[in-house]
Amino acid sequence: MSSTSTAAIDPRAARAAAQWLVRLHAGALTPDEQQAFQAWRASEPAHEAAWQRAELVCSTLSSVPSALRQTADAVPKSPQRRAVLYGLAGLIAAGPALWLASQSAPWQAWRAGIRTARGEIRHMTLPDGTQLVLNTDTAIDVHFDDTTRLVDLHAGELHIATAHDRAVPARPFLVRSSNGAVRALGTHFSVRQRGSVLAPRTEVSVSEGAVEIAPSRAPEALRRVDAGRQGSFDDMAVSALTPLSPHADAWLQGVLIAERMPLGEVLEQVARYRYGVLRCDPALAAMPVDGIFQLNDPDNILLLLQGSLPIRLARRTRYWISVEAA
């Protein structure tokens, strides 16, 4: 573990770094603000150390960018804004013990037995012959016993092609997320853990066969999802089902296929495969994008977008890119 992630940070510098982080996420700095930001970083070693920690927090903890997006739009001095600023400053200022505690939070799932790195897609075969594909930044545990075949999805996205169980009687195949369980009914399907730590949500899409969804706090709300359909659920209920999105499983081949896909959605997908913050000017978010992009080189996707659309990549730091109008 690097000194950047373990050294304690001055609390005052941490609070200032948190404020700059929120301000940067709200949009492009004015020339005067940019000068003030650089002057603050250069004025004291503690300031630069706090800013490096802030970048590391953003690139490591997946829930931080979404909180920043909400905070950037919040009313100044509102309870929501203060709560996020205090929490972010605490993460930035954390010494080794608190840093390790943050790494062990549920959304990081760092104790999982099987994990993929950011940008990695991994194929594996379970003892019963079931085929799994783990998408970027995914964490799972696998539990097989005499009665059940179970995969715990702690974070990320998983595609499953179930095999016929030779055990007698046949054991059910379950994928369990923080919101409940998805039972396979001879099928190919994907499960993705989304939302935040406080409000998690699980997405399910079925390409072959069918599954049954059982929310953890309302098992009587059992819902069947057939091939060609998708939906999501929380602890209490399953959403309305919709047709499966075109090219939803393209990531299994390591590509992103965009057909008139809004730029904001394209960038949201690209951000899953790279470290750091990737921000889009809201005025550009609806711009349609067409193309087939290789997910193993997300930075090249950004360059291709810049070369084909009236946009530019504003690089504030190594880990911070804003997509702005050219």
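**Close-up 1. The contact between helices α2 and α3 in a predicted model.** Residues A13, A16, A17, W20, R23 and L24 of α2 meet E33, A36, F37 and W40 of α3, where contact means heavy atoms within 4.5 Å. By class, this contact has 8 nonpolar, no polar and 2 charged residues. Helix α2 (residues 11-25) and helix α3 (residues 31-43) pack at an angle of about 150°, and their axes are 12 Å apart; α2 is therefore roughly antiparallel to α3, a term that applies to angles over 145 degrees. Residues are numbered from 1 along each chain as its sequence is written. Local features need pLDDT of at least 70 and side-chain atom pairs count only at pLDDT 80 or more, whereas totals for chains, interfaces and linings use all residues, and side-chain values use heavy atoms, with hydrogens and water left out.

**Close-up 2. The salt-bridge network of D128, R149, D165 and R171.** A salt bridge is a side-chain nitrogen of Lys or Arg within 4 Å of a carboxyl oxygen of Asp or Glu. The closest N and O atoms are 3.9 Å apart for R149 and D165, a pair that ties together parts 16 residues apart in sequence, because R149 lies in strand β5 (residues 149-161) and D165 in the loop between β5 and β6 (173-177). In the salt bridge of R171 with D165, the corresponding separation is 2.9 Å. R149 and D165 are both buried (under 20% relative accessible area, with a 1.4 Å probe and protein chains only).

**Close-up 3. The salt bridge between R176 and D152.** D152 counts as buried at 9% relative accessibility.

How values were computed
Axes fitted to C-alpha atoms, helices over the stretch in contact; angles between N-to-C directions. Helix = DSSP H or I, 4+ residues; strand = E, 2+ residues; numbered from the N terminus. Parallel < 35°, antiparallel > 145°, perpendicular 65-115°, else oblique. Nonpolar A, V, L, I, M, F, W, Y, C, P; charged D, E, K, R; others polar. Buried < 20%, exposed > 50% of the residue type's maximum accessible area, 1.4 Å probe, protein only.
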